[in-house]
Amino acid sequence: MSQELGAPLAFLTAAAADGYRDGSYVVIVRTREEFARWLREPAPGVEWLQVEGLLQDQAAWTIAAQGTSKLPLDVILTDPATEFSGLYRLVDTRVVRSVRVSMPAAPGFMKALRLAASLQLPVRLLPGQPSVEALAELAEAAHFYLHDPMVETPVEFFHSLLAALGGAEGDTLWMMLEEDPKVFARDEARRPRDFVEKHLAGLVEQGAECATCQWQKVCAGYFKWPDPAYDCAGVKQLLSSIQSAADEIGRDLASQETATS
Amino acid sequence: MSDRVFSVILLPTAECNVACDYCFEHKEPHRLSMAMLPLLTRQLLDHLEHEGIKECEIYWQGGEAMIMGPAWFAEAGRLMDAAAAARGRRFKHYLQTNLISYSPAWNDVLRTMFGSSLGTSMDYPNLHRKLFAGGAEAYTRTWTERLHEAVGAGIEVGVIAVLHRGSLEAGPDRFYRYFTEDLGLKSFQVNTPFPGGPAKAVEADFDLDKGALAQFLAGLFDIWMERGHANGVALGPFDALIHHFTGAPARLPCIWKENCSNQFISVDSKGTVAQCDCWVTSYPESFFGNVFRDASLTEMLRTSPARQQFVERPKHLVEHEDCLQCRYLSICHGGCPVRTYSALGTMLAKDPYCEVYKAVFGRAETHGRTLLRRRLLNGAVKPAFHHAPARPAAAAVP
């Protein structure tokens, strides 16, 4: 895929997506009827369906498990602490198509993360500007992702961040979380394509802690949005724990290389 | 068409030719008639078509399936396979039998319909599987003869052993040697017992101390890893667990599936549909419907209140039990509904063998890690750094 070179990926409601011809796009479905229709007739250019508010609808997931197309799904949880057990409804669907679960890092999200991981569902955690409670849970989630051998599927943003901090070609958190408007044109945000660069430049100019932050390159001011006064102390601890894991993996690999050479 | 597989445990008869003490099945002299088979087949194919599923596994058992005779099976297989092929589907047939009435007359149908393999059962020591005349000793003698005849005819035989107090008293070493050395088997599996159906005195022999059972299974696991694993002996469910813990594709037994209600049903000779053979033979209150009377199997499964309990069980367990905190949730999901129901009178609780399973999973994890380390040191596998998935849609996205 070369989204970065072309038009950004559009996120469209089912109604707006009808007849859309301007390149790749994601369709947001919010009713069983919309879901069934886009599963049945996935128009060219549809990259995936963003499924909102349908997790409790057993009939919708019966339809999704019928495999009429291979169209991937991004299932959005808005309140993971109460919705988590509904993830069992995705068991059949994930056999016939790729299914990812996205959820805010709201208190109680660990339940959904644990269950999603046990069902081998990739997860995208949306941290926003995490509260103290959410930060504690994010630390628990990072430990779960990094150290629990039962976790077999990627948990974003940890997964991409670990790779970036381990030396892989790195994106920013905006990109890892699919919020960089250069690539992801989410309608609700309506940010200019150079939003991230301008946002970071503004923060540095205003003397925000980003100016001297060791995570500046990968974070690019992610945690300073929308409130530029957000205190990043807890976030830095979280990033530090992932950096430590990346360093440890790097050391292990180096010693393995030495042992086998 | 999807990669999902739907399985049917099909009981062509409830009749049986032996008299095992612990059998919980209601043995009626009723057989699936060839006249009804097209209707059953059509219902199954309609359901597969509706769900977009290409393949259906049919597990023929009973009662005693061989009572139907090889000619009946040959005709049933021909009829079902032709109907499936005409609709672009496929049936894959498996046979579970007590082997007592096996003879060379079965070899043709075993080769053509069942891929030259079958499943059977034997315990060690055999105290409870009995012939009507001659008891357990005669059963063991006859079964062993049939086993060797079948193996001699090129039939691959897998054996299921149900553990009882005598097994635990004999110990894992003797138990393992019975199946691998005395019988010369290369494939067998151990099942935990459960008291299906009406209560019987013999069930006390199967009410095993969970600690002793866990110890037995851990010991058996160690023995298999030491002597059998690298030498081509398959011992279920340990082999599937080792696959899982070494990153290989693993087909775990139904008791540990995310939700067995999604994956199979059982149908008896009268068309009764329930979750599995244990339910269809023992618990009328849990029947989903009747495939000969209901207009649509799909609709029956969608609307059955009894089935809804199975569908909702895993959700209930992660909400109300401690399963969500368990490190083995991904390979257990609260265990088997029928083991739970038969012990507790409700399926909305975790499997009473929870602690036994944890002991087995722990053993599997330890052995799996040892194997991975060994492979790593031998250079078979080189660790790879996780790379960030490509953006935007190739991998990170759903």
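## Helix 3 of chain B

Among the elements that cover the buried residues of helix 3 of chain B are helix 2 (70-86), strand 3 (90-95) and strand 4 (117-121) of chain B. Helices (H or I, at least four residues) and strands (E, at least two) are DSSP runs, numbered from the N terminus. This is a predicted model, in which local features need pLDDT of at least 70 and side-chain atom pairs count only at pLDDT 80 or more, while totals for chains, interfaces and linings use all residues. Residues are numbered from 1 along each chain as its sequence is written, and chains are lettered from A and ligands numbered from 1 in the order in which they are written.

Helix 3 spans residues 107-114 of chain B, and its residues B:Val109, B:Leu110, B:Met113 and B:Phe114 are buried, a residue being buried if 20 or more other C-beta atoms lie within 10 Å of its own, exposed if 12 or fewer, and partly exposed in between, with C-beta atoms placed from the backbone. These residues lie on the same side of helix 3 of chain B because they cover an arc of only 105° around the axis, the arc being that of the directions from the helix axis to the C-beta atoms. Just after helix 3 of chain B, B:Gly115 takes a positive phi of about 60°.

## Two domains of chain B

Chain B is divided into domain 1 (2-299) and domain 2 (308-377), with bounds that come from an automatic or database domain assignment. In domain 1 of chain B, 29 residues are in contact with 26 residues of domain 2 of chain B, where contact requires that the C-beta atoms of two residues, placed from the backbone, lie within 7 Å. Helix 7 of chain B gives the most to the side of domain 1 of chain B that touches domain 2 of chain B, with 7 residues.

Most residues other than glycine have a negative phi, and most peptide bonds are trans. The peptide bond from B:Tyr124 to B:Pro125 is cis, with omega near -15°, and B:Pro125 has its place in the loop between strand 4 and helix 4 (135-152) of chain B. Also cis is the peptide bond from B:Gly236 to B:Pro237, with omega near 0°.

B:His333, although not a glycine, has a positive phi of about 55°, and B:His333 is buried, with 28 other C-beta atoms within 10 Å.
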